[in-house]
Amino acid sequence: MQRLLSGIKPSGDLNIGGYGGALRQYVKLQHEYESYFFVPDLHAITVYQDPVELHQRTRDIAALYIASGINPDKATIFLQSQVPAHVELGWLLETQAHFGELKRMTQFKEKSDGKDTVSSALFTYPVLMAADVLLYQATHVPVGDDQKQHLELTRDVAERFNNRYGRTFTVPEPIIQDIGSRVMGLDDPSKKMSKSNPNKNSCVHMMDTPEDIRKKFSRAVTDSDGQVRHDWEQKPAVSNLIEIYSVFSEEAISVIEKRYEGQGYGTFKKELAEVVIEKLQPIQERFHQIVNSSELDRILMDGAKRASETAGPTLLAAKKAMGLVTF
Ligand code: TYM
């Protein structure tokens with residue numbers, strides 16, 4: 001069976017972008033792959049996180065995995081900081097990654113833009129991500145479009161290491177869906193829907209109330225031609241809403257276009273909100289049951305144990321390959 005690994009950072013409330021690009025895929029793919037879903041808490045702290053909030057958000061993401069339908073008996077769910085091999089392999093791989101290639105990472109450029117200082121960890125962030133993936137010999141990594149470049153770096157680092165020291169790592173393939181891999185802000189379809197956008201109306205959170213969801217969609221920007229038609233070039237805002245509809249209703253874009261033909265945006269936006277609310281409601285309910293439970297602690301402890309067992313042999317092989325003394 002092929003192996004899959006992916007994760008969502010606990011750096012803000014998870015929004016429906018992360019659901020569309022990542023979480024929704026996880027739930028489906030767990031049946032086809034031996035799956036590892038982790039919470040990259042060490043990635044979150046590359047920018048300052050309030051300790052109390054980080055603690056809660058880390059549990060929140062793990063609980064959301066389960067609430068959304070990941071089965072902990074089937075997939076391994078764990079926290080990155082509980083498997084020290086990630087940091088260890090991260091350091092080994094930093095010796096293989098090039099300063100120049102890290103400098104070209106779009107996310108680093110965006111996150112450091114205009115800042116007087118950023119942490120060195122923000123710069124080496126993609127190398128830790130490579131370690132996350134390569135430790136598990138993952139064959140596939142489901143991500144949203146914005147992680148594509150990081151995955152390419154992971155592949156380059158793996159190939160470089162394998163060429164230099166002998167075949168140690170599986171070179172992974174990204175899985176990026178056609179629909180839902182780039183959910184954009186409701187206020188501005190040129191910017192991705194992001195946990196860190198300060199505009200509250202740009203982003204629907206997984207835990208938003210029905211009233212908030214209705215309000216946010218009713219305020220979402222559209223355009224002036226009034227047709228519910230998917231066309232990223234001419235109609236990015238409406239196309240974004242249609243994709244969100246498709247993600248949550250699991251209907252084809254053409255079916256949605258047909259349903260709202262000649263109806264204008266009012267009805268479409270209202271019903272879009274209801275489709276999202278209907279999907280989120282059972283997820284939210286299950287989330288609240290599990291998030292502060294000892295069941296979640298057990299799942300995460302068990303997950304960390306299972307993950308360490310898989311990661312250990314790869315770390316050892318990498319150390320040996322590099323000539324480090326191992327016993
Ligand atoms: P993160 O936490 O920013 O996002 C988690 C996942 O959600 C996807 N995503 C989106 N997809 C569509 N539209 C959006 N608006 C949107 N926003 C987020 C992201 O592409 C991602 O798949 N570096 C990663 C976390 C990570 C990781 C890994 C992922 C660390 N190690 C190893 C995979 C494998 C990140 O910051 O994702």
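Helices here are DSSP runs of H or I with at least four residues, and strands are runs of E with at least two, both numbered from the N terminus.

**Figure 1. The whole chain of this predicted model.** Let's start with the overall picture: the chain holds 13 helices and five strands. Along the principal axes, its C-alpha atoms fill a box of roughly 70 × 45 × 40 Å. The radius of gyration is 20 Å, which agrees with the value near 20 Å for a compact globule of 327 residues. Buried residues make up 41% of the 327 residues. Among contacts with a separation of 6 or more, 74% join residues 24 or more positions apart.

**Figure 2. A closer look at D132, in helix 7.** The UniProt record, an unreviewed entry, places the feature "binding site" at D132. Helix 7 itself covers residues 120-134. Is D132 buried or exposed? D132 counts as buried because 27 C-beta neighbours lie inside 10 Å, and the cut-off for buried is 20 or more.

**Figure 3. The contacts of D132.** Neighbours within four places in sequence are left aside in this view. Beyond them, D132 is in contact with L5, G7, P40, Q80 and H86.

Technical notes. Residues numbered from 1 in each chain as written. Predicted model: local features only at pLDDT ≥ 70, side-chain atom pairs only at ≥ 80, totals over all residues. UniProt positions renumbered as here; feature names shortened; annotations may be inferred. Buried ≥ 20, exposed ≤ 12 C-beta atoms within 10 Å, placed from the backbone. Contact = placed C-beta atoms within 7 Å. Rg over C-alpha atoms; globule rule 2.2 N^0.38 Å.
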